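This note sets out a few points for a colleague who is meeting the structure for the first time. Please read the numbered points alongside the sequence and the model.

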Amino acid sequence: MNRRSQLGTGLAVLAVVLFAVPAFFPVQPMLIHDTEETAPAPAEELRQQGYEIVAYENLSERGQELYVTTLENDGEYRVAVGEGAPDFGYPTDGEVRAMYDNGTEPGIVIERPEDASSLPPSDERFYGYPSDEEGLNESQVEQRRQQIERYDAMSTRTAEPPLGATPQLIRLASVLLAVLSLGVGGYLLSSK
(Lines give C-alpha, C1' and ligand atoms only; values in the text may rest on other atoms or scores of the structure.)
Protein backbone atom coordinates (compact mmCIF):
# COMPACT_ATOMS: atom_id res chain seq x y z
CA MET A 1 0.00 0.00 0.00
CA ASN A 2 1.56 3.29 -1.03
CA ARG A 3 1.65 6.51 0.96
CA ARG A 4 -1.18 8.06 -1.06
CA SER A 5 -3.54 5.15 -0.28
CA GLN A 6 -2.60 5.23 3.42
CA LEU A 7 -3.29 8.97 3.65
CA GLY A 8 -6.60 8.56 1.77
CA THR A 9 -7.69 5.73 4.07
CA GLY A 10 -6.67 7.70 7.15
CA LEU A 11 -8.70 10.73 6.01
CA ALA A 12 -11.74 8.56 5.24
CA VAL A 13 -11.57 7.01 8.74
CA LEU A 14 -11.16 10.49 10.27
CA ALA A 15 -14.26 11.61 8.35
CA VAL A 16 -16.33 8.78 9.84
CA VAL A 17 -15.16 9.71 13.35
CA LEU A 18 -15.91 13.41 12.76
CA PHE A 19 -19.38 12.58 11.45
CA ALA A 20 -20.05 10.74 14.74
CA VAL A 21 -18.97 13.65 17.01
CA PRO A 22 -22.38 15.44 16.96
CA ALA A 23 -24.08 12.22 18.09
CA PHE A 24 -21.89 12.03 21.18
CA PHE A 25 -22.21 15.72 22.03
CA PRO A 26 -25.87 16.70 21.59
CA VAL A 27 -26.81 20.35 21.95
CA GLN A 28 -28.55 20.92 25.26
CA PRO A 29 -31.50 23.32 25.56
CA MET A 30 -30.91 26.62 27.34
CA LEU A 31 -33.05 28.81 29.57
CA ILE A 32 -33.65 32.16 27.89
CA HIS A 33 -34.46 35.39 29.74
CA ASP A 34 -35.75 38.22 27.54
CA THR A 35 -36.76 41.71 28.72
CA GLU A 36 -37.18 43.20 25.25
CA GLU A 37 -40.96 42.79 25.33
CA THR A 38 -42.90 45.83 26.46
CA ALA A 39 -45.66 45.98 29.05
CA PRO A 40 -47.51 48.95 27.55
CA ALA A 41 -50.06 49.60 30.26
CA PRO A 42 -50.42 50.47 33.93
CA ALA A 43 -50.40 47.66 36.51
CA GLU A 44 -54.20 47.38 36.75
CA GLU A 45 -54.54 46.81 33.01
CA LEU A 46 -51.64 44.34 33.00
CA ARG A 47 -53.36 42.24 35.70
CA GLN A 48 -56.61 42.30 33.70
CA GLN A 49 -54.70 41.10 30.64
CA GLY A 50 -53.44 38.08 32.59
CA TYR A 51 -49.88 39.14 33.35
CA GLU A 52 -48.29 37.94 36.59
CA ILE A 53 -46.76 40.93 38.39
CA VAL A 54 -43.95 40.29 40.88
CA ALA A 55 -42.17 42.98 42.90
CA TYR A 56 -38.40 42.98 42.37
CA GLU A 57 -37.89 42.68 46.13
CA ASN A 58 -39.98 39.49 46.18
CA LEU A 59 -37.78 37.71 43.63
CA SER A 60 -35.29 35.20 44.95
CA GLU A 61 -31.64 36.22 44.99
CA ARG A 62 -31.07 34.17 41.82
CA GLY A 63 -34.14 35.75 40.19
CA GLN A 64 -32.84 39.24 40.95
CA GLU A 65 -29.40 38.30 39.63
CA LEU A 66 -30.83 36.93 36.37
CA TYR A 67 -33.06 39.99 35.89
CA VAL A 68 -30.18 42.44 36.39
CA THR A 69 -27.83 40.40 34.19
CA THR A 70 -30.47 40.26 31.46
CA LEU A 71 -30.81 44.06 31.51
CA GLU A 72 -27.02 44.44 31.44
CA ASN A 73 -26.83 42.14 28.39
CA ASP A 74 -29.13 44.25 26.20
CA GLY A 75 -32.28 42.42 27.20
CA GLU A 76 -31.37 38.78 26.56
CA TYR A 77 -29.45 36.31 28.69
CA ARG A 78 -29.08 32.54 28.40
CA VAL A 79 -28.12 30.00 31.06
CA ALA A 80 -27.88 26.22 31.10
CA VAL A 81 -30.83 24.14 32.25
CA GLY A 82 -30.71 23.91 36.03
CA GLU A 83 -29.19 27.38 36.47
CA GLY A 84 -32.48 29.28 36.27
CA ALA A 85 -34.48 30.84 39.08
CA PRO A 86 -37.41 29.18 40.85
CA ASP A 87 -39.37 32.44 40.36
CA PHE A 88 -39.63 31.93 36.62
CA GLY A 89 -41.36 29.28 34.56
CA TYR A 90 -39.42 28.07 31.53
CA PRO A 91 -41.95 26.78 28.99
CA THR A 92 -40.82 25.10 25.79
CA ASP A 93 -41.64 26.60 22.39
CA GLY A 94 -44.68 24.32 22.10
CA GLU A 95 -45.96 25.39 25.50
CA VAL A 96 -45.46 29.07 24.58
CA ARG A 97 -47.53 28.56 21.41
CA ALA A 98 -50.26 26.87 23.46
CA MET A 99 -50.25 29.80 25.91
CA TYR A 100 -50.74 32.28 23.07
CA ASP A 101 -53.51 30.10 21.61
CA ASN A 102 -55.27 30.12 25.00
CA GLY A 103 -54.95 33.90 25.24
CA THR A 104 -52.50 33.93 28.15
CA GLU A 105 -49.22 35.79 28.13
CA PRO A 106 -46.04 33.84 28.88
CA GLY A 107 -43.54 35.40 31.26
CA ILE A 108 -43.95 37.84 34.10
CA VAL A 109 -43.91 41.57 34.73
CA ILE A 110 -41.40 42.77 37.28
CA GLU A 111 -42.38 45.76 39.38
CA ARG A 112 -39.25 47.77 39.88
CA PRO A 113 -38.72 49.59 43.21
CA GLU A 114 -39.63 53.28 43.51
CA ASP A 115 -35.94 54.12 43.72
CA ALA A 116 -34.43 51.85 41.08
CA SER A 117 -31.14 53.73 40.87
CA SER A 118 -29.20 50.57 41.81
CA LEU A 119 -30.73 48.69 38.86
CA PRO A 120 -29.85 49.04 35.18
CA PRO A 121 -32.38 51.06 33.14
CA SER A 122 -35.62 49.32 32.27
CA ASP A 123 -36.04 47.93 28.77
CA GLU A 124 -39.58 49.29 28.59
CA ARG A 125 -40.23 51.62 25.72
CA PHE A 126 -42.73 54.43 25.97
CA TYR A 127 -44.50 54.69 22.63
CA GLY A 128 -46.71 57.61 23.50
CA TYR A 129 -49.22 55.68 25.58
CA PRO A 130 -51.72 57.11 26.25
CA SER A 131 -52.74 58.37 22.86
CA ASP A 132 -52.82 62.06 22.03
CA GLU A 133 -56.63 61.99 21.92
CA GLU A 134 -56.83 61.62 25.70
CA GLY A 135 -55.91 65.27 26.15
CA LEU A 136 -53.27 64.87 28.86
CA ASN A 137 -50.75 67.58 29.55
CA GLU A 138 -46.98 66.99 29.52
CA SER A 139 -46.69 66.30 33.25
CA GLN A 140 -49.47 63.70 33.11
CA VAL A 141 -47.82 62.03 30.12
CA GLU A 142 -44.48 62.00 31.97
CA GLN A 143 -46.17 60.48 35.02
CA ARG A 144 -47.70 57.74 32.85
CA ARG A 145 -44.31 57.13 31.18
CA GLN A 146 -42.65 56.63 34.57
CA GLN A 147 -45.47 54.32 35.63
CA ILE A 148 -45.05 52.19 32.50
CA GLU A 149 -41.26 52.06 32.86
CA ARG A 150 -41.67 50.84 36.43
CA TYR A 151 -43.21 47.60 35.15
CA ASP A 152 -40.72 45.60 33.08
CA ALA A 153 -41.97 42.60 31.11
CA MET A 154 -39.71 39.55 31.06
CA SER A 155 -40.38 36.40 29.10
CA THR A 156 -38.60 33.17 29.91
CA ARG A 157 -38.50 29.96 27.90
CA THR A 158 -36.54 26.81 27.21
CA ALA A 159 -35.10 26.65 23.69
CA GLU A 160 -32.20 25.40 21.63
CA PRO A 161 -29.19 27.74 21.51
CA PRO A 162 -28.85 29.84 18.33
CA LEU A 163 -26.69 28.60 15.46
CA GLY A 164 -23.89 30.98 16.46
CA ALA A 165 -23.58 29.49 19.95
CA THR A 166 -20.41 27.54 20.77
CA PRO A 167 -22.06 24.07 20.99
CA GLN A 168 -23.68 24.56 17.60
CA LEU A 169 -20.43 25.82 16.06
CA ILE A 170 -18.50 22.79 17.35
CA ARG A 171 -21.03 20.47 15.72
CA LEU A 172 -20.95 22.44 12.48
CA ALA A 173 -17.13 22.54 12.38
CA SER A 174 -16.99 18.78 12.99
CA VAL A 175 -19.32 18.06 10.08
CA LEU A 176 -17.49 20.46 7.76
CA LEU A 177 -14.13 18.87 8.60
CA ALA A 178 -15.68 15.43 8.04
CA VAL A 179 -16.93 16.43 4.58
CA LEU A 180 -13.53 17.90 3.71
CA SER A 181 -11.67 14.81 5.00
CA LEU A 182 -14.00 12.48 3.12
CA GLY A 183 -13.61 14.46 -0.09
CA VAL A 184 -9.83 14.63 0.04
CA GLY A 185 -9.52 11.03 1.25
CA GLY A 186 -11.84 9.80 -1.49
CA TYR A 187 -9.91 11.75 -4.10
CA LEU A 188 -6.59 10.31 -2.90
CA LEU A 189 -7.97 6.75 -2.91
CA SER A 190 -9.61 7.02 -6.32
CA SER A 191 -6.79 8.75 -8.21
CA LYS A 192 -3.52 7.10 -9.07
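1. Tyr56 counts as buried because its relative accessibility is 13% (buried means under 20% relative accessible area, exposed over 50%, and partly exposed in between, with a 1.4 Å probe and protein chains only). Tyr67 is likewise buried, at a relative accessible area of 0%.

2. The model is a predicted one, in which local features need pLDDT of at least 70, side-chain atom pairs count only at pLDDT 80 or more, and totals for chains, interfaces and linings use all residues. Residues are numbered from 1 along each chain as its sequence is written, and side-chain values use heavy atoms, with hydrogens and water left out.

3. The count of aromatic pairs comes to 1. The ring centres of Tyr56 and Tyr67 are 5.9 Å apart and the planes stand at 55°, so the pair is tilted. Under the rule applied, rings of Phe, Tyr and Trp (its six-membered ring) pair if their centres lie within 6.5 Å; planes under 30 degrees apart count as stacked, over 60 as edge-to-face and the rest as tilted. Because Tyr56 lies in the loop between β2 (52-55) and α3 while Tyr67 belongs to helix α3, the pair ties together parts that are 11 residues apart in sequence. Helices (H or I, at least four residues) and strands (E, at least two) are DSSP runs, numbered from the N terminus.

4. How many salt bridges does a search of the whole structure find? The search gives 2, a salt bridge being a side-chain nitrogen of Lys or Arg within 4 Å of a carboxyl oxygen of Asp or Glu. One of them joins Glu65 to Arg62, with the closest N and O atoms 2.9 Å apart. These residues, 3 apart in helix α3 (residues 61-72), are separated by about one helical turn. Glu65 is partly exposed at 43% relative accessibility, and Arg62 is partly exposed at 25%.

5. Arg78 and Glu76 also meet through their side chains in a salt bridge, at 2.5 Å from N to O. Arg78 is partly exposed at 27% relative accessibility, as is Glu76 at 28%.

6. Phe19, Val175, Val179 and Leu182 make a nonpolar surface patch of about 310 Å². Patches are made of residues with over 30% relative accessible area and no salt bridge; like charges are joined within 9 Å, and nonpolar side chains (Val, Leu, Ile, Met, Phe, Trp, Tyr) within 5 Å. Accessible areas come from the Shrake-Rupley method with a 1.4 Å probe; for residues, only the protein chains shown count as cover. Helix α6 (residues 166-190) gives the most to the nonpolar patch, with 3 residues. Phe19 is found in helix α1 (residues 3-24) and is partly exposed at 38% relative accessibility.
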